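The points take up local backbone features, then helix packing, then the domain arrangement.

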Amino acid sequence: MSQPPIYYFDNNATTRVAPEVVDAMMPFLREQWGNPSSTYAFGRQVGEAVDRARGQVAALINVEPREVIFTSCGTESNNSAIHSALVTQPEKRHVLTTAVEHSANTKFCALLQKRGYAVTFLPVAADGTLDLELLERSILPDTAIVSVMWANNETGVLFPVREAAAICHRKGVLFHTDAVQTPGKLKIDVRELDADCLSLSAHKLHAPKGVGLLYVKRRVKYQPLIVGGGQERGRRGGTENVANIVAFGRAAELAIASLDDENTRVRALRDKLENGILTGIPGTSRNGAQEPRLPNTSNIAFEGVEAEGILMLLDQAGICASSGSACTTGSLDPSHVLTAMGCSVARARSSIRFSLGIYNTEAEVDYVMQYLPGIIAKLRASAPVG
Ligand SMILES: *Cc1c(COP(=O)(O)O)cnc(C)c1O
C-alpha cells in the first residue's frame, strides 16, 4: 500500500529519521546485537559504538563525552535534572522555572508541588519573552535549581539562557536548560553557555524516538532517577538502547552540518509561509516575538476560526501542522504557552503552529498557500464565531 504524499510542517513534534541515520543504526539491530556491558569482544564492540556516539553528541554541544548521560527521552532528561538537584541538596526545597516550559518540565514540577516542594512558574510577556530581573528576584535562599528552556517548542521564541545561567551562578544556584528544540537550528556551545545541565531528545533531530541525553557538568553532584545496573557510570540504570544511541550520534553529526541550511533556506521558507499568511489572509497575526526566534517555527492566530477545524481540512489536503504541543492535542485545554502569554482562550484555540525542517521545499510552502486561504474562508463562512 503506497501512502499519498504528505506535506510535513510539524517538525517541532517529531522529525523524519534521516536515511543516513537509518543506515548507521541497522547493523546494531541485525548483527551487532550484543550487550554493551558484556566482557567478550561481541559485547565490547557494541560498547565501543556507544562510546563513539557519546563522542558525536558531545561534539554537537561542545562538552566532554563523560559529561553525557544517555536517557530514554527528553522528558526523562528534564525530570532527571530537577530530581537530582533536589535529592543532592536536600536542604533546598524550591524550584524556579517558567510558565511556558514543555509539559515534560511543568507536569513534573506540578507533581513536586503535590509532594510538598515549592515551585515558582515565572510569567512571560505578551510576546513570550522572559524578564531576567524578575528571574533574579525570584531566586530564593532555598532554590535548588533554575530550569529555563532555550527555545519554545510552540512559538520558537528564544530565552536568554546564557544570561540566565550567569545570574544563577552569581547566586550559587544550579541552572538547567531544556534545549530539545535547538539542535540543527542554533549553534550549541555548552561551555560558552555555562549551563550545569542540558536536555536533548534524538527524535527532534532526525533520529528515532526513545532516546535522549542529559548533559551534567563535571563536578556537579548527580543522583539518578532510574536506578538499576551500573550503566552510564552509575548515573542511569538500564541496558543501553544501542541502535538508537548510534542513530543519535550520527544525527548529531548531521545536525552540525545542517545548521547553515536551517538558518538560510529553511528560515526563508518559514518567512515566505508566515508573510504569505499574514499579508494574504485577513484576521491573522503571529504569536510570539519575531526575533530572537527559531528559524523554523511560526505560530499564527486565525481570528474567529477553531484550530481544530483548520487542522482537519489541512489534513484532508495531506498537510501536517499542529495546535500547541503534540503532547496535549486531543485535550480541550487551550495551549498553556499561549495563555501564559496573555492570549484569550479564543485566540489560543484559533492558533496553529507550522514548524519546518530540512526536508521541506518551496513547492510544499506554495502547496500550503494554495489551500490555506480557502480553508480559512470556508470555515469563517460556515461557522462564524464571535
Ligand atoms: C519534544 C520536547 C520534549 C520531550 O521530548 P521527548 O523525547 O518526546 O520526551 C521536551 N521539551 C521540548 C521543548 C520538546 O519540544
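1. Pro292 is located in the loop that connects β9 (284-286) and β10 (297-302). In this predicted model, the peptide bond leading from Glu291 into Pro292 is cis, and its omega is near -10 degrees.

2. Turning to helix packing, two packed helices are described by the angle between their axes and the distance between the axes. For helix α3 (residues 41-61) and helix α10 (residues 242-280), the axes come within 8 Å and cross at roughly 30 degrees. An angle under 35 degrees counts as roughly parallel, and α3 and α10 are therefore roughly parallel to each other. The crossing of α3 past α10 is left-handed.

3. On the α3 side of this contact stand Val46, Ala49, Val50, Ala53, Gln56, Val57, Ala59 and Leu60. Their counterparts in α10 are Val242, Ile245, Val246, Phe248, Gly249, Arg250, Ala252, Glu253, Ala255 and Ile256. By class, the residues of the contact between α3 and α10 comprise 14 nonpolar, 2 polar and 2 charged.

4. Helix α10 also packs with helix α14 (residues 362-382): the axes come within 10 Å and cross at roughly 15 degrees. That angle makes α10 roughly parallel to α14. The crossing of α10 and α14 is right-handed, whereas α3 passes α10 in a left-handed crossing.

5. Which residues make the contact of α10 with α14? From α10 come Leu269, Lys272, Leu273, Gly276 and Ile277, and from α14 come Glu362, Val365, Asp366, Val368, Met369 and Leu372. The contact of α10 with α14 holds 7 nonpolar, 1 polar and 3 charged residues.

6. A further pair is formed by helix α4 (residues 74-88) and helix α5 (residues 103-114), whose axes come within 9 Å and cross at roughly 35 degrees. The crossing of α4 and α5 is right-handed. Thr75, Asn78, Asn79, Ile82, His83 and Leu86 of α4 meet Ala104, Asn105, Phe108, Cys109 and Leu112 of α5. In the contact of α4 with α5 there are 6 nonpolar and 5 polar residues, with no charged residues.

7. As to the domains, the domain assignment of the protein gives domain 1 (7-15 + 259-382) and domain 2 (19-257). The C-alpha centres of domain 1 and domain 2 are 27 Å apart. Domain 1 contributes 31 residues to the contact, and domain 2 contributes 36 residues.

8. How much area is buried between domain 1 and domain 2? The value is about 2,700 Å², and carbon and sulfur atoms give 55% of it. Of the area that domain 1 buries against domain 2, Thr15, Leu259 and Leu294 supply 24%, more than any other three residues.

Key
Residues are numbered from 1 along each chain as its sequence is written. This is a predicted model: local features need pLDDT of at least 70, side-chain atom pairs count only at pLDDT 80 or more; totals for chains, interfaces and linings use all residues. Side-chain values use heavy atoms; hydrogens and water are left out. Axes are lines fitted to C-alpha atoms, for helices over the stretch in contact, and angles run from 0 to 180 degrees between N-to-C directions. Helices (H or I, at least four residues) and strands (E, at least two) are DSSP runs, numbered from the N terminus. Angles under 35 degrees count as roughly parallel, over 145 as roughly antiparallel, 65 to 115 as roughly perpendicular and the rest as oblique. A crossing is left-handed if the near helix is turned anticlockwise from the far one by less than a right angle, and right-handed if clockwise. Contact means heavy atoms within 4.5 Å. Ala, Val, Leu, Ile, Met, Phe, Trp, Tyr, Cys and Pro count as nonpolar, Asp, Glu, Lys and Arg as charged, and the others, Gly among them, as polar. Domain bounds come from an automatic or database domain assignment. Buried area is the accessible area (1.4 Å probe) that two parts lose on being put together, summed over both.
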